[in-house]
Structures are given as C-alpha cells and as structure tokens.
Amino acid sequence: MQHMPTSLENEVQETPLSLKAEAKDFSFYYGDFKAIKSVSLPIYEKKVTALIGPSGCGKSTLLRSFNRMHDLYPNTRYQGNIDFYPDATNLLDPKVDPIEVRMRVGMVFQKPNPFPKSIFENVAYGLRLRKDKSKSYIEGRVEQALKDAALWDEVKDRLHNQATALSGGQQQRLCIARCLATDPELLLFDEPTSALDPIATASIEDLIHQLKEKVSILIVTHNMYQATRVSDFTAYMFMGELVEFGETTQIFNTPQRAETEAYITGRFG
C-alpha cells in the first residue's frame, strides 16, 4: 500500500541550508611546507561547525586562514579560495583589506587575551578602529555586545575597571563581546575552553548555542564530547587533509571513513 503522508509530515519541512563561507581547494604553506592540502569545506549560515583531529593536523591553521591571521607572520602563503557570502568575496584576494576581513570574521583564542585596558575599551576597540562612530553609538554597541556575551549584568557597574581583573571565564566572554561589537558574520573559536574550569566551560558552551541564532561559528576543539554538544556539523582532519565532513550526529554515530571511526572511538590519536 502506498504511504500517504500525514498532516504532521506535511508540516515538517527542512530549513534549507545557506552558505556563509566556503573553502575551495584551499592550501596553506609555511615556507615550503604544505600544512593544508586542497581542503574544500562549507560553513553554513547560523550553524556551528567543529574541526576535530589529532594535534598538528592543521585545524588551527585552517581556522586562522578564515580571518587572514597568517598575514601577520612572514613566509606564509595561501592558495585557492575562501569565499564569503552573500557577496562571494574571496577573503584571500590581495585587494581585500585584512582589517575589514577581521571585522567580518571575529576570532576567540585558546587563552583569554583581554587588552590591558578597561572593560569598556576592550569591547570598544574594534569600533574605534573605524573612527567614524559617535560616542552614543559606541556606548550602545558596547552594551549590546556585553549582553550578547552574557556578561553585562556582571560588569555594568564597573565598565571602567581593568579587564585583567576579571575571572578567566569572564575574560573569555569579554573577548567574545569584543568580537561581537563589530557585528561579525562569522566567529572563529580556537579551543575556547581549554584554559577554563568546567563551570566556565559550560557557560561558554551555552553562549555558543545562543550566538548561533545571530552568527555562523567555526570551532576547533580537541574535546569530542564538546563537539557533539555544541556543533551541527563536524569536519575530521588528519595531516592537513579533510578526511570526512558531515552532520555531527552522522560523523559520530555512523562515520563513513575507517580513519574517522578510529579517531572518534579512541583507537587512534
């Protein structure tokens, strides 16, 4: 007998995925060493994508390419494209200003790195680089960014205190707020909780769930449990190559490659 769809089945429709960014046949060199080897990877709009793999496999190198962080170091070279949508801008094009790239693509590092400034000035830093914003605009953006980073209620009465006096977890949320102030479209997280205690880690993971309502996220993590908790998609890397990419539930439950299964089950890496 032919199956007739129920009314509930008719109502359930998958929301189509939209690309936010895309690495296309992307390679990266430290001098003559090819650290990333022809990787093609989609980053979907308002989704969390996790990069997993053993130490030295190229996860952080790939992550930092999305906001041209390697431009700051000599003897490095990009090859291929990292396209950013909806305007299909190749972020690696020499004509594209890396400062503007970093406004659109925020970066949160492994260890909290607040500037030796006040809480307010840390969050306002990127806005002041643009130089054309009014005092009231900056104040409004700082408040909103701190709220979006779930930090406003904890610091609103001491905005002019030194940021370095905050706890480790608060400092990391401050660094997230600093990124959010410039209204980025993609956030990069490089092992954002590895230096934090379990309570602060849970707070950051909760925040990631909230942030993906507004922004796309790419996260590097060594913690596979964290990858399953926070990400929608997962990419497994090894020796600079992308071995497997898919929905996180598929990667961890039914990996298609034996290498992926060996890594996630602990038999390798």
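Trainee: How many helices and strands does the protein chain have?

Mentor: This is a predicted model. The protein chain has eleven helices and ten strands.

Trainee: What radius of gyration would a compact globule with 269 residues have, and what does the protein chain have?

Mentor: The globule would be near 18 Å, and the protein chain has 20 Å, which agrees. The C-alpha trace spans about 65 × 55 × 40 Å along its principal axes.

Trainee: What share of the residues counts as buried?

Mentor: Buried means under 20% relative accessible area. Of the 269 residues in the protein chain, 48% count as buried. Contacts are another thing to read. Among those in the protein chain with a separation of 6 or more, 66% are between residues 24 or more positions apart.

Trainee: Now a single helix. What should the 14 residues of H8 span?

Mentor: The rule is 1.5 Å a residue, so helix H8 (residues 198-211) should span 20 Å. The end C-alpha atoms of H8 are 20 Å apart, which agrees.

Trainee: Which residues of H8 are buried?

Mentor: They are Ala200, Thr201, Ile204, Glu205, Leu207, Ile208 and Leu211.

Trainee: What covers the buried residues of H8?

Mentor: The cover includes strand S3 (48-52), helix H5 (135-148) and helix H7 (168-180). It also includes strand S7 (186-190), strand S8 (216-220) and helix H9 (224-230).

Trainee: Which residue caps the N-terminal end of H8?

Mentor: Asp197 does, with a side-chain oxygen 3.0 Å from the backbone nitrogen of Ile199.

Trainee: H5 was in that list. What should its 14 residues span, and which of the residues of H5 are buried?

Mentor: At 1.5 Å a residue, H5 should span 20 Å, and its end C-alpha atoms are 20 Å apart, which agrees. The buried residues of H5 are Ile138, Arg141, Val142, Ala145, Leu146 and Asp148. They cover an arc of only 160° around the axis, which puts them on the same side of H5. These buried residues pack against helix H4 (119-130), helix H6 (152-155), H7 and H8. After H5 comes Ala150, whose phi is positive, near 55°.

Trainee: How many disulfides does the structure hold?

Mentor: A disulfide is a covalent bond between the sulfur atoms of two cysteines. The structure holds zero disulfides. Take Cys175: the closest cysteine sulfur, in Cys179, is 7.5 Å from its own sulfur, too far for a bond. Cys175 is buried, with a relative accessible area of 2%. Cys57 is buried too, with a relative accessible area of 2%.

Trainee: Where is Arg68, and is Arg68 buried or exposed?

Mentor: Arg68 is in the loop between helix H2 (59-65) and strand S4 (76-84). Its relative accessibility is 6%, so Arg68 counts as buried. Leaving out residues up to four places away in sequence, Arg68 touches Tyr78, Leu91, Leu92, Asp93, Val96, Pro98, Val101 and Arg102. Arg68 and Ile99 are 31 residues apart in sequence, yet their C-alpha atoms are 8.9 Å apart in space.

Trainee: What joins the side chains of Thr234 and Ser231?

Mentor: A polar contact of 3.4 Å does. Thr234 is in strand S9 (residues 233-238). With 0% relative accessibility, Thr234 counts as buried.

How values were computed: Residues are numbered from 1 along each chain as its sequence is written. This is a predicted model: local features need pLDDT of at least 70, side-chain atom pairs count only at pLDDT 80 or more; totals for chains, interfaces and linings use all residues. Side-chain values use heavy atoms; hydrogens and water are left out. Helices (H or I, at least four residues) and strands (E, at least two) are DSSP runs, numbered from the N terminus. The expected span of a helix is 1.5 Å times one less than its number of residues. Buried means under 20% relative accessible area, exposed over 50%, partly exposed in between (1.4 Å probe, protein chains only). Contact means heavy atoms within 4.5 Å. A polar contact is a pair of N or O atoms within 3.5 Å; within protein, one must be able to donate a hydrogen and the other to accept it, and residues adjacent in sequence count only if both atoms are side-chain atoms. A disulfide is a pair of cysteine sulfur atoms within 2.5 Å. The radius of gyration is taken over C-alpha atoms; the globule rule is 2.2 Å times the number of residues to the power 0.38. The arc is that of the directions from the helix axis to the C-beta atoms.
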